[in-house]
Amino acid sequence: MFAISLGDDGAELQPLEPRHAEEYLAHIDRGREYIGQYIALSDRATDLASATAFLQSYADKAAADSGRLYGIWTDGVLVGGVLFRTFDAASGNCEVGCWLEEAAVGRGLITRAIRVLIDWAVEERGMHRVEWIAASSNTASINVAKRLGMVRDGVLRESNPYRGVRHDMEVWSVLAQEWRERRASGR
């Protein structure tokens, strides 16, 4: 299977598939508390069967061209991932997302990996709009959207009930022409 280098630090991006279920579960177990602060990903993989089912759901999405899932490996260890949570080629809209275990934070892995996804979505698949949705309190995620040159479209007030609390969710996006201009200018 292919792997895409994310830079000279040995980080790689590659498809995260059902065959990685044991490794994925070990990764989630290492980062369960940190990953679960803002997203329910850690709640969806509590044992090997549920980890496999989650990865299979994205394999099914990939087969239907409605989503994709990629892992980020550093030194051969799965430390996080990025995904097309939604992917609608007919409308030209998709949503990207991410997660990372705490030990891998602060190295630019998510920003670099999401750049690869947006480049592919815009240049290879002709996507017009790429969205990023994050809890307003998730400063790290909001900062990634800013680094990617996304524009804040608005806030969905108290739209996400998560672990007994309603969270405001910010919608950020970049349009294909904006992305191309940003990349051409070297930003």
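Colleague: How do the residues of the lining of the largest pocket divide into nonpolar, polar and charged?

Modeller: Please bear in mind that this is a predicted model. The lining of the largest pocket has 25 nonpolar, eleven polar and six charged residues.

Colleague: What is the volume of the largest pocket, and which residues lie nearest its centre?

Modeller: The volume of the largest pocket is about 1100 Å³. Its lining comprises 42 residues, and those nearest the centre are Ile39, Cys98, Trp99, Asn138 and Ser141.

Colleague: Which element gives the largest share of that lining?

Modeller: Strand S5 does, with six residues. Among the other elements that give two or more residues are helix H1 (21–35), helix H2 (48–63) and strand S4 (77–88).

Colleague: And the second largest pocket: what is its volume, and how is its lining divided?

Modeller: The second largest pocket has a volume of about 160 Å³. Eleven of its lining residues are nonpolar, two are charged and none is polar. There are 13 lining residues, with Pro15, Leu16, Glu17, Ala62 and Leu69 nearest the centre. Helix H2 supplies the largest share, four residues.

Colleague: Turning to the rings, how many aromatic pairs are found in the whole structure?

Modeller: The search finds six aromatic pairs. One of them joins Tyr24 and Phe54, and this pair is stacked because the planes are at 15 degrees, with the ring centres 5.8 Å apart. Tyr24 belongs to helix H1 and Phe54 to helix H2, so the pair ties together parts that are 30 residues apart in sequence.

Colleague: Are Tyr24 and Phe54 buried or exposed?

Modeller: Tyr24 is buried, at 0% relative accessibility, and Phe54 is buried as well, at 4%.

Colleague: What about Phe84 and Trp120: how are their rings arranged?

Modeller: Their planes are at 50 degrees and their centres 5.7 Å apart, so the pair is tilted. Phe84 lies in strand S4 and Trp120 in helix H3, 36 residues apart. Phe84 is buried, with a relative accessible area of 0%, whereas Trp120 is partly exposed, at 27%.

Colleague: Which residues do ring pairs link into a cluster?

Modeller: The cluster consists of Tyr24, Phe54, Tyr58 and Trp99. Trp99 is also among the residues nearest the centre of the largest pocket.

Colleague: One last topic: where does Glu102 lie, and is Glu102 buried or exposed?

Modeller: Glu102 is in the loop between strand S5 (93–100) and helix H3 (109–124). Glu102 counts as exposed because its relative accessibility is 53%, and the cut-off for exposed is over 50%.

Technical notes
Residues numbered from 1 in each chain as written. Predicted model: local features only at pLDDT ≥ 70, side-chain atom pairs only at ≥ 80, totals over all residues. Heavy atoms only, no water. Buried < 20%, exposed > 50% of the residue type's maximum accessible area, 1.4 Å probe, protein only. 1 Å grid on protein atoms, 1.4 Å probe; cavity = no way out; pocket = protein on both sides within 12 Å on 5 of 7 lines; lining within 4 Å. Points joined across faces, edges and corners; volume = space filled by probe spheres on them. Nonpolar A, V, L, I, M, F, W, Y, C, P; charged D, E, K, R; others polar. Phe/Tyr/Trp six-rings, centres within 6.5 Å; stacked < 30°, edge-to-face > 60°.
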